[in-house]
Structures are given as C-alpha cells and as structure tokens.
Amino acid sequence: MHQPSFVERHLRVIFPLPAILFIGLLMIFPILYTLALSFTSWNLTSGAPLRFVGLRNYEQILTEPRFLDAVMRTFGFTIFAVLIEAVLGTVVALILNRAFIGKSLAKLLLLLPLVATPVAVGIVFNLFYDPTIGLANFALSSLGLPQGLWISNAASVIPSLIVVDVWQWTPMITLIVLAGLAGLSEEPFEAARVDGATQWQVLRYVTIPMVMPTILTAVILRLIDALKTFDIIFAMTGGGPGYASETLNIMGFKYSFEYFRMGQASVILIALFFFVLLCSLGIMKLRASSEN
Amino acid sequence: MKKILTSTVVLMSSLCLSAGAYAQTKEIRVLLANHPYGELLKTAIPEFEKQSGIKVNFESLQEGQLTTKLTTEFATKSSSVDVFMTRPLQEGKMFNKNGWYEPLKAYDFSDYPKNVMSVAAAGATPFLVPLVTEWQVLYYRKDLFQAAGLQVPKTFAELEATAQKLNSDAVAGIASRGKGAAAVTQLSSYVYNYGGLYIDKGVAVFDQPAAIDAIRYYGKLLGTYGPKGVTSMSWENIMPLFQAGKVAMWTDASVFYGQIVDPAKTQIPAADVGIADLPAGPKAGSPFIVTSWGIAVANQSKNKEAALKFLDWASSKELATKGMLSNITMARTSVWKDPKVLEAVNPGLVATRAYAAEKGYPLDRPYMSAVGEARDQIGELIIESINTKGASTTLADMARAKAARVNDLLKDAGEYGQP
C-alpha cells in the first residue's frame, strides 16, 4: 500500500506557506515592529539606546496641534481629491464608452498621466505654479485675470496639490469604470428602453446603480493611495509653506528622517495606518450594501 | 577530452588567480555630496585609484539624504561607509557626540584658520577636515543700480531704501530665502548684525529683542519687496529668478556666484552681476562665514588605513587648488594666498571673503544635535514675519514658545547650558 509522503500529508500547509511567509515578513512584521517602536523612546540624534516609555509618545503626539492639523489636512486632501477624481473619472468613462472617431487616441492620451513618475510630475508642476515665471500665472495674466500664489500660499497650497493629484489619478478611475461598463449585460438597458425610459433615466436608474460597485472599488483603491500620498507633496512643497501642506505621511517622514525621533514617528504612522484601515472598512461596507 | 581537461584547468587556475588578486585589492566605500567639490572628487577618483591601488566605491547623494543615510546607517550599526563628506554645522555635533567620527590626531591642520577649526574639533581632538567655506554676500544687478543712479547699500537702512526704489511689478527689489527652515541660515547674518544670536552658551536666545528686531526686519524686507511666494522659496527657487532678471538684489551664500555669472545658465550678462559685502546692521557687520562641508572617516570603518589615505588625498592642497580654479571656495588658508589661484578667482569673491573672515561669525544655524527640528521652529517665525511684513503682533510670544521648545531639545540632548 502506498504510504503518503511528508509533502503529500502536509500539502495544505506547504502550498500556502510562501504566501504566509511573504505576508508575515513583509506586512505583519513591519506593522508590529512599528507598533512596538511607538511605545519606545528612540532618538537617533542622542545616541541613547531604545527605551520603553509606555503611552508617553501617544500622549505627546495626539495632543500636538501640528498632528491634529496634519490629520485634518490629510482627510481634506483625500476627500476632495478622490471625490473629484471619482466624478470626473466616471464622466470620462461614460463618454469613452460610446463609439466616436479618435476613441483609441483619446484612451491612449488619457493613460499618459498615469505612467508619469510622480517626482517628475512634481517638478513640472512646480515650474507651472511658480508665481513669477510659471505658466499658470502667465496664462491668467494673458487673459487679464488676477494671478495666484498657488503652492506658495498657505491657503491655496492644498487645492493646488489636489489639482495635480486629480490630473494624475483621474485616468485610473476612468479605466476601472470603463472595464466595469464593458462587463454590464445588455438586457436591463433593453428592458428600460422598451419601457420608454429617456437617456437620462437609463443613466440615472440603470447604468450608475449597475456600475456603482466598480466605482466604489476604484474609490477604495484611490482612497488608500490618496491618504498615503507622499511623493507629489514631498517633491513639490516638502510640506510647506510652513506646515501648510504637511500631511500625516510627510509629518511621519520629518519626525523619522529629519528629527530622528523614531518612537514619535511610529505613533504618526500607526495613526495613518489606523485611518487607512478605518476608511477601507467603511467603503467596503458601503460596497457590500450597494451590491445588495 | 584532453582539450576539455586542459581548458578546464586553465579556467580554474585563472579563476583562482583573479580571486587572489581580488582579495589583495583594498576597497573602500565613500559617500559624497551632490556639491561641486563632490563632483570634482568624483572625476579625480580614478587618479587616486591608480596611484594608491585602493578601489573606491562611491555614491553621490543630495545633502539632506546624505545626513539621513549616514545617521540611519550609523545609528543602526549597519554601516559599511569608510569615508564621507559631512556638514559640520548640520550634523557635526550629533555625529561627534555619538562617536561616529574617527578622531584625526595625525592630520596636519596647520593650513586651516582657527575659527574654522572650532566646528571641526572637540577640544583638542579634530574629527573632520574642513573642505569648503562659504559666507553671506549681497548679489546685485549693476545695470539696474546704474539706471536708477543708486550706490551699493552699506547698511540695513540703505538696503531697505534701495530695495524700495528698485522694486517694481517686473522685478522684485530684493530676494532672500523665505522657506522656513531653509531660510534660517540666511537670516542668521541679519540676526548677528542686529546684535543677536540663535543660541548663546547652550541656551536659545532668538526670542531676545535683538533677534526679534532682525526677524521683523527680514520679514518686512521680503514681505514688502520680495518676489511673490517667497515663503516657499529656497536658493533653488530664487537663483532661477535672479538668472531670469526678475530680482534686483539677492542675499545668500557666496557659493552661488559661479552659477549666476555662468553664461550657459543665466540670461544676465556677467558684467551686470555685482557681488558685495552684506550690509551692516544697527549693531554689527558680521555675516556668517562657515565651513559648509568637511570630510571624515567613519569610526566603525574596517579599512581605516585606506580610508585615511583617501581622506589625505581628498583634502590635499593640490585638490583644494583645483577646487579654487573651479570657483569652489576652499577652506585651506594657503590657497587664498597663492597668486596664481587668486588670478583666476573673481576679485569680488576674494574681497567679500576677506571682509567675512575678518568680521564674520562661524555659525549660520543653531549649533546643536537636534538642528533640523530647531530650524523648523525658527522657520515658523520667519514665515510669520514675512506674511505680516514684519508687523506681527504675536511674533514675540511665538518666539518665546519656540525658544522654550528649542531649549527642551537642548535639554533632551544634554546640551543645555553647555558653551
């Protein structure tokens, strides 16, 4: 009689093992390590060894006005950017879903911002936004409109950064929604038309509800990404002027690699992790209910 | 078969030979900065490799990234760096306190001025070799001055009046860094000229009236006559404006002179660009003159002999001369006395250096371990002052709070009250 070998007996464990190791080493370990660091005082500038300090870092950071501002800014940036991207992305997808001349060219052009390197995008937009020699103000003054300070002013820096984010990431939403639209079955549309629905009614009561789960999937992906935005902001403003565009991720970077306070930086990053988790769970719940 | 055997033997023996040769070659890892002198070293390294037989693996990094990389590698004890370029004022105190610099007892420092050595040594033990010096100057547009019939300002009062006269919609009267932490170094000379300091005997004193007056003056000057959006400008934003002819005067470090008179990079004829001493303030005429870059051996290096050899070469008088001829203002005294060198260097640089060397102050930022965070604190005051054109009613209170915070940082690092 054939005796099953060790491998055969433990297939259930061995097959998923690489995936488990990967998740364990590259995802769970760093999170737990950051969590552990957040309870310690580890300041690289002082040369003192790592010391357990309990909740002191949390007390200090969570009551720091700069942190609270960064939280509000992170959410403000994310909500506005993703909302605009979702609406614009869906509209563009609906337009591209129809047959028209030059459609493939339009799709190709749409992809370009997606493949651009964020730091290069940041540098180009920095030049574009320059208040003295930038194209944005040159265009405005040519039209006889008042000039702006864009990323050089505390009040306009976040909206200016949102514009860059929208420029770069709307195509992603468009692509996902376009794929969703292509997969819809024809029958509900025919039924609606037989019932005498107008084009607007078909869009409002058939297309949008049917494609909603896809839109929400795209929004989850964007939301997680937008909450963590780092490259564009770091390349364009470094969190400035002052702290006017400092999001949680930028603040975490400054605390770790400019101030070298690893414990406190970990608190900021744990908070960011918590917010990303919370938002993702919320949207996933919304998606489940829209599918029902 | 025989043929195969023979070629295998030949291959094996050549592999062994090359492995032996590889084991004999000394290798060192060197971190350089993206700085003109770093570039000069890069091009000269093959020459060093040839004469010393030491293989140099170098990496070039932007200054902020260099500090981050070194700090992280040294603090986590995972570094294989042997030699590195270092900013004495930014990281010197921290690196020395943590024992990351190898003491340089055998090096001959007789060619370096005393005030330069104050940031290169702890007591009698030097830990880095100064490479590059820079000082604050006033760059100005000779053509605009001539057209307006103006003289180069000698005092802060004249500076403000000149900025006012030259300021127009097309050209900003004056520019200087306004971007928070990046502006702290340029504000320093203004503070000194008002009779203030950032830190005195280990205590933050930038909330004292002299420093507050300087911050107000700086804010008024830039807020009223500065380029649009100056609170987000460091030198990399101001230089293109100056090169495009959008700025009449610019106070910044001497190191940019070469680039603003380089015809390939600027739209203004070199003849129209002037360089002058930073105008004096109500209390003093004391611009910063600092050792912006040095070079050091890592304490944990396992190839110290080769590393020291590289350090000697990289800080040699020959290379310093080469640096001077490429418009890099070197720290060695002798190269500033060499008539051949002086012939090639712009007389404006020589004259402003002489003034700064005589009257200047050897620091341009709070000299402490947690300098990055302290600069952010002072940077907030600069932005507040520029935004209110120097008239902020909360500036003094803000400064008190920021100074208290910097004092906390000093206490955390055990540097509070230390001279």
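Let me start with a term: the domain bounds I use here come from an automatic or database domain assignment. One caution as well: this is a predicted model.

Now, chain B. It is divided into two domains. Domain 1 of chain B covers 2–127 + 291–357. Domain 2 of chain B covers 134–288 + 361–412. So much for the bounds. Their C-alpha centres lie 31 Å apart. The contact takes 23 residues from domain 1 of chain B. Domain 2 of chain B also gives 23 residues.

Next, the area. How much do domain 1 and domain 2 of chain B bury between them? About 2,100 Å². Carbon and sulfur atoms account for 59% of it.

Which residues in domain 1 of chain B lose the most area to domain 2 of chain B? Leu89(B), Gln90(B) and Tyr355(B). Together they make up 31% of what that side buries.

On to polar interactions. Across the interface of domain 1 and domain 2 of chain B, the rule finds zero salt bridges. Polar contacts do turn up there: seven residue pairs, both residues at pLDDT 80 or more.

Stay with the domain 1 side of chain B, the one that touches domain 2 of chain B. Helix 4 (88–97) and helix 15 (347–359) of chain B each supply at least two of its residues. The largest share comes from helix 15 of chain B, with seven residues.

Last, how does that side of domain 1 of chain B split by class? Nine residues are nonpolar, ten are polar and four are charged.

How values were computed
Residues numbered from 1 in each chain as written. Chains lettered and ligands numbered in written order. Predicted model: local features only at pLDDT ≥ 70, side-chain atom pairs only at ≥ 80, totals over all residues. Heavy atoms only, no water. Contact = heavy atoms within 4.5 Å. Buried area = accessible area lost by both parts, 1.4 Å probe. Salt bridge = Lys/Arg side-chain N within 4 Å of Asp/Glu carboxyl O. Polar contact = N/O pair within 3.5 Å; in protein donor to acceptor, adjacent residues only side chain to side chain. Helix = DSSP H or I, 4+ residues; strand = E, 2+ residues; numbered from the N terminus. Nonpolar A, V, L, I, M, F, W, Y, C, P; charged D, E, K, R; others polar.
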